[in-house]
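Open the model in your viewer and keep the selection tool handy. We will walk from one stop to the next, picking residues and looking at what surrounds them.

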Amino acid sequence: MSETLSNTRSMNMIEAIRDAHDVAMERDDDVVVFGEDAGYFGGVFRCTAGLQEKYGANRCFDSPIAESGIVGTGIGMAAYGLKPVIEIQFADYITPAYDQISQEAARMRYRSNGEFTCPIVIRTPTGGGIYGGQTHSQSPEAIFTHVCGLKVVIPSNPYDAKGLLLASIEDPDPVIFLEPKRLYNGPFEGYHDRALKGWKDHEDGKVPEGYYTVPLGKAKTVRAGKDVTVLCYGNMVHVCEAAQAESGVDAEIIDLRSLIPLDLEAIEASVKKTGRCVIVHEATKTSGFGGELMSLVQERCFYHLEAPIVRVTGWDTPYPHAQEWTYFPGPKRVGDALKKVVEAK
Amino acid sequence: MDGFADAENMTGSKTSDRGFRVPQPPARPGEAPDFSNFDFGEPGKLPLLDAEAPVEAFEPFHDGLLRVLDMDGKAHGDWASMVSEEDLKEALTAMIRTRAFDQRMMRAQRQGKTSFYMQCLGEEAIAVGCALALRDGDMHFPTYRQQGILFVNGIDPEAMMNQIYSNKKDPLEGKQLPVLYSFKDNGFFTISGNLGTQWPQAVGWAMASAIKGDDKIAMAYIGDGATAEGDWHQGNLFASVYRAPVILSVVNNQWAISTTSAFAGADKNTFATRMASYGLPALRVDGNDIIAVIAATRLAAERARAGLGAVAIEFLTYRGGAHSTSDDPTKYRPKEELGSWPLGDPLDRLKQHMTVSGLMTDEEIAALEEAAEKEMREAENRAEEVGLVHAGEGADPAKMFEKVYEEMPGRLLEQKKEAGF
């Protein structure tokens, strides 16, 4: 954290993200915000509500339903010197913009040898758990982590969401900012049939007022433990905490917070301490970011490992509607993996 | 020029002195609805076209509006000759059933029987009329607001409800979000949750029909908002370049969630004009006038089937309900707008026409409505008996692993086993 702050306010993740926009727009006239329904209405998840009223339609506005156009114009604005913070309504809708993101935004700096840059933030809700079916539930982080030149950030709570978003807006390179939509209104442990816990009683729901940042590339140890390292992010942080509590395994849970840049030091130190590792993400397994994490752990910690690394992920199917909770890697599956890994000889 | 006006200044916004503008509707919640920027023309004024008419003959229809019914239920002009009494009776039944289905499912959503629903209130004439103008073997490429097609093409509403309830008789076995149906045998292409993608796919389907020398045609639908996607422009181009036997219809219902059609350029040129700029014959049609819808689509179908290539249609209408049950339009448009839409309600207009022209009595129409209400209530009872996903009676979980590929790969077989199936 870059400043010491005393005043905090209870916020859910939507309010924290909205507040980050507000702080950034207040501090810097070059910050502009746009996207589908993001202007007058304030976004279908309300993350930009009130910004148009406060800062005017020149700085927060609606866009046509045209993701490639949204990102393409954002790149042009960034090249001019603005700091566009773009909303893509669902991560599932981002693919029409994939050309602009992966071949344009990501390589503006490289191909012009630094003449042109692309300090853009592309925010988008990710993950399932809302009965959204296959086009409102996907977790596409790996199609961005595979592209050189992009940064990929995914907060798991309101405090981090605000601090990471402010850091992303200040970042000189393009950032894909994935917001786990199931966490907008409260920490979610994976039990859809239990009452929603709001952020009000959660430590990370206390959000400092004003400006602060959470730096990209710094993981957070959510729980210290000695028997197994759990690498996770987004939705899965809370699932892993629940799985740890239920299984009783003395797990060290690490919330990666940003995938690119990645806090390799924290990962390496933890795995070398515990000698075991479980990797958890909601995205499908094959070619998921878990495969990359597994390789890194293997490369750096092989001689410290006492058991094979295990991944718990979404199955290799599109995100189904009726079978959402069979698909979602909940605490039971994570807990089983924890036990299996710590019991392995 | 047409569509919602671009208000130069809006509350809280400073306008750039270099002309930067963000379109705004003329009225927001609390303000009086304002459609004064539209020019709806008069019913019966535009000449009937021959299906083989030269492209230039379509020009009056780019900015003009094909209308047959006036607002008192009377039909005007030669286009009416393309629609029979039988057509109208069939259309009325299908529109009544569509609305009864929607009302039943909207209530089911409020009762927690489904998490999600999308109604087509105010747009029933378009899907129903188009379905009546096409024939078996043709393929509709709909959005989520053309369920009316199914009520012409012979679907059992219980099958739709089972899909919405994601239960054990769901024809999609739980894979898709409610209302994103797929009914191939009823000429209804699988609906995507992503916008605009069906547009070039319909063109490709039609190209295939032409390549094979068949006389089947495709019909694509897209909302005004989604025309902003690149797929719309590319589909128009391919349809024109390859003279694909496809009807390309923009359903211009004024609102894309919270943004108006002006964000898709509708305040500069009509969608008909813009599609015409690709070299396509284009018609702009009152989408709340069932006679105009059937007549225009029938002409387009005849033309496409005759090997004369694609026809573009813009249906002018108004989204009567929320975008979906997850949306609240009172946040961004005046509540009174629906009742003020100058082209009225398509079902009320058809009912009025039936009685005014002596084709049916009020009692006969009331009997149709009662029958539809009963049909939907009984269908829902059966679907509910099969089960509700939200009551833990969803489609078989093991089905989740099927149909990813034709043959289940080894890794999925392993995962299926790991999941306990």
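This is a predicted model: local features need pLDDT of at least 70, side-chain atom pairs count only at pLDDT 80 or more; totals for chains, interfaces and linings use all residues.

Select Phe101(B): with a relative accessible area of 0%, this residue is buried (buried is under 20% relative accessible area, exposed over 50%, partly exposed in between, using a 1.4 Å probe and protein chains only). Residues are numbered from 1 along each chain as its sequence is written, with chains lettered from A and ligands numbered from 1 in the order in which they are written.

How are the rings of Phe101(B) and Tyr117(B) placed? Their centres are 6.4 Å apart and their planes meet at 50 degrees, so the pair is tilted. Rings of Phe, Tyr and Trp (its six-membered ring) pair if their centres lie within 6.5 Å; planes under 30 degrees apart are stacked, over 60 edge-to-face, and the rest tilted. Phe101(B) belongs to helix H2 (residues 85-110) of chain B and Tyr117(B) to the loop between H2 and helix H3 (124-133) of chain B, so the pair ties together parts 16 residues apart in sequence. Helices (H or I, at least four residues) and strands (E, at least two) are DSSP runs, numbered from the N terminus.

Over all chains, the structure holds 33 aromatic pairs. For a group of rings, select Phe35(B), Phe38(B), Phe40(B), Tyr318(B) and Trp341(B), which form one aromatic cluster.

Staying in chain B, pick Val179(B), which has a positive phi of about 80 degrees although it is not a glycine. Most residues other than glycine have a negative phi, and most peptide bonds are trans. Val179(B) sits in the loop between helix H5 (157-164) and helix H6 (198-211) of chain B, and is buried at a relative accessible area of 3%. Now try Arg243(B), another non-glycine residue with a positive phi, near 50 degrees. Its loop runs between helix H7 (230-241) and strand S3 (246-252) of chain B, and Arg243(B) is exposed, with a relative accessible area of 56%.

Move to chain A and select strand S14 (residues 310-314). Four of its five residues are buried, so the strand is largely enclosed by the rest of the structure. Strand S13 (residues 277-284) of chain A pairs with S14(A) in the parallel sense over four bridges (strands pair if DSSP finds at least two bridges between them). Within this pairing, Val280(A) has Val312(A) as its bridge partner.

Val280(A) is also one of the residues that touch the most other members of the largest nonpolar core, which has 117 residues. Such a core is a set of buried Ala, Val, Leu, Ile, Met, Phe, Trp, Tyr and Cys residues joined through side-chain atoms within 4.5 Å.

The peptide bond leading from Ile260(A) to Pro261(A) is cis, with omega near -5 degrees.

Conventions
Side-chain values use heavy atoms; hydrogens and water are left out.
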